[in-house]
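This report describes a single structure, shown below, in terms of its helices, its sheet and its aromatic rings.

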Amino acid sequence: MEASVQKQIDRFCRQYLQLEQTLDYPEPQNIRRSDVQDVIYQRLFAEDALPGGSPPLRYQLRVLKELISRIEASIEDWDEHGVSDDLMSSLSVLFSAPAPNEDDAVQQKYPAVYHLASLPGHEAHINLFENRALIAAGGTTGLRTWEAALHLGQLLCHDPSIISGKRVLELGAGTGYLSILCVKYLGATHVIASDGSDDVINNLPENLFLNQLQGSSAIRLMDLKWGYALVGTEEERWNGGRPLDVVLGADITYDPSIIPDLVSTLLDLFGLYPHVEVIIAATQRNLQTFQVFLERCQGEGLKVEDVSFEIPPRDQQEGPFYNDQVAIRICKVSKS
């Protein structure tokens with residue numbers, strides 16, 4: 001199969017597996033080809049195609065109906081082209097499957113696969129169970145992966161030296177995307193995936209399992225609530241006195257009310273590890289909110305410097321896929 005056609009198939013399949021709402025379907029002259037339809041069927045809709053689990057039923061139905069509709073619209077000569085029997089059969093099976101009611105569907109987690117196109121090797125990816133509708137107890141949104149984590153992850157993939165051979169703490173780990181990336185692909189010596197939500201912490205072992213990291217000594221989960229002193233807690237020395245080189249945080253400045261506690265925790269970390277490198281990524285949906293973070297840092301003697309790293313245009317993204325219409329700011333925080 002031609003490389004240009006394979007690229008269109010890969011893009012569509014990766015977007016589907018990431019549960020993207022907007023998908024780039026192969027072009028009409030390609031989508032009507034039987035070999036293209038066969039590859040899509042085998043990768044996405046065959047019975048054993050997705051051993052990690054299937055997307056939500058309504059999502060599968062919507063995408064497959066649109067795919068078949070586009071195939072039909074692309075066909076000019078029905079003697080030469082047609083719709084795959086396998087795809088039509090899959091659609092019938094989905095139509096006959098009992099749909100969960102809306103309340104149950106909202107509570108469920110579904111597998112999402114994030115392809116890491118910027119890393120060498122065709123198969124680099126992270127598997128996560130996510131719930132993109134549910135807000136966990138305490139108002140946390142840590143049961144899904146947000147744009148800032150994906151963008152910060154891209155920065156780290158482009159410059160693995162930030163992480164390689166380092167001991168890393170992730171604040172507000174959420175689904176664990178960045179922590180898993182650091183351990184699985186970027187050569188971190190050790191990673192602490194921390195969060196202040198019990199729901200989020202309880203969700204993380206499942207995601208470690210999906211990425212073959214269950215029982216790994218390279219990653220540790222930690223319940224870390226910001227604003228509480230790190231020293232003088234249940235341990236004589238925080239983290240057992242072990243060193244820490246890098247602190248990561250993505251989309252952790254979205255709520256002005258938690259920023260004082262976040263900055264307090266950063267100050268504690270600088271007190272324990274004066275040379276630690278702190279990198280924060282924030283999706284700037286509200287400029288005033290991030291300004292609260294900047295002003296609090298300044299008032300506490302912390303310096304915040306922007307890291308230049310552009311969001312790739314959506315039509316050039318090969319995975320992971322994320323919004324290119326919203327500003328994502330990556331900053332280094334240091335002690336003045």
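## Two packed helices

Helix H4 (residues 57-74) packs against helix H5 (residues 85-96) at an angle of about 145°, and their axes are 10 Å apart. Helices (H or I, at least four residues) and strands (E, at least two) are DSSP runs, numbered from the N terminus. Axes are lines fitted to C-alpha atoms, for helices over the stretch in contact, and angles run from 0 to 180 degrees between N-to-C directions. The crossing of H4 past H5 is left-handed, a term for a near helix turned anticlockwise from the far one by less than a right angle.

On the H4 side, the contact (heavy atoms within 4.5 Å) is made by residues including Leu57, Leu61, Leu64 and Ile68. The H5 side includes Leu87, Met88, Leu91 and Phe95. The residues of this contact of H4 with H5 divide into eleven nonpolar, two polar and one charged. Here Ala, Val, Leu, Ile, Met, Phe, Trp, Tyr, Cys and Pro count as nonpolar, Asp, Glu, Lys and Arg as charged, and the others, Gly among them, as polar.

The model is predicted: local features need pLDDT of at least 70, side-chain atom pairs count only at pLDDT 80 or more, and totals for chains, interfaces and linings use all residues. Residues are numbered from 1 along each chain as its sequence is written, and side-chain values use heavy atoms, with hydrogens and water left out.

## The sheet

An open sheet of seven strands has the order E5-E4-E3-E6-E7-E9-E8, with mixed pairing. Two strands pair if DSSP finds at least two bridges between them. Strand E5 (219-223) and strand E8 (302-307) stand at the edges with a single partner strand each, so one side of each has no neighbour in the sheet. On average, neighbouring strands of this sheet are turned by 20° against each other, direction ignored.

Inside the sheet, strand E7 (residues 277-283) and strand E9 (residues 328-335) pair in the antiparallel sense over six bridges. Valine 278 has valine 333 in E9 as its bridge partner. Helix H8 (residues 177-184) lies across strand E3 (167-171), strand E4 (190-195), E5 and strand E6 (246-250), and runs at about 175° to E4.

Leucine 224 is in the loop between E5 and E6. Leucine 224 touches Leu171, Ser194, Asp195, Gly196 and Leu230, not counting residues up to four places away in sequence.

## Aromatic pairs

The structure holds six aromatic pairs. Rings of Phe, Tyr and Trp (its six-membered ring) pair if their centres lie within 6.5 Å; planes under 30 degrees apart count as stacked, over 60 as edge-to-face and the rest as tilted. The rings of tyrosine 114 and tyrosine 177 have centres 5.4 Å apart and planes at 70°, so this pair is edge-to-face. Tyrosine 114 is in strand E1 (residues 110-115) and tyrosine 177 in helix H8, 63 residues apart.

Ring pairs also link Tyr16, Phe45 and Tyr59 into a cluster.

The table gives the accessibility of some residues named above; buried means under 20% relative accessible area, exposed over 50%, partly exposed in between (1.4 Å probe, protein chains only).

| Residue | Relative accessible area | Class |
|---|---|---|
| Tyrosine 114 | 1% | buried |
| Tyrosine 177 | 1% | buried |
| Leucine 224 | 7% | buried |
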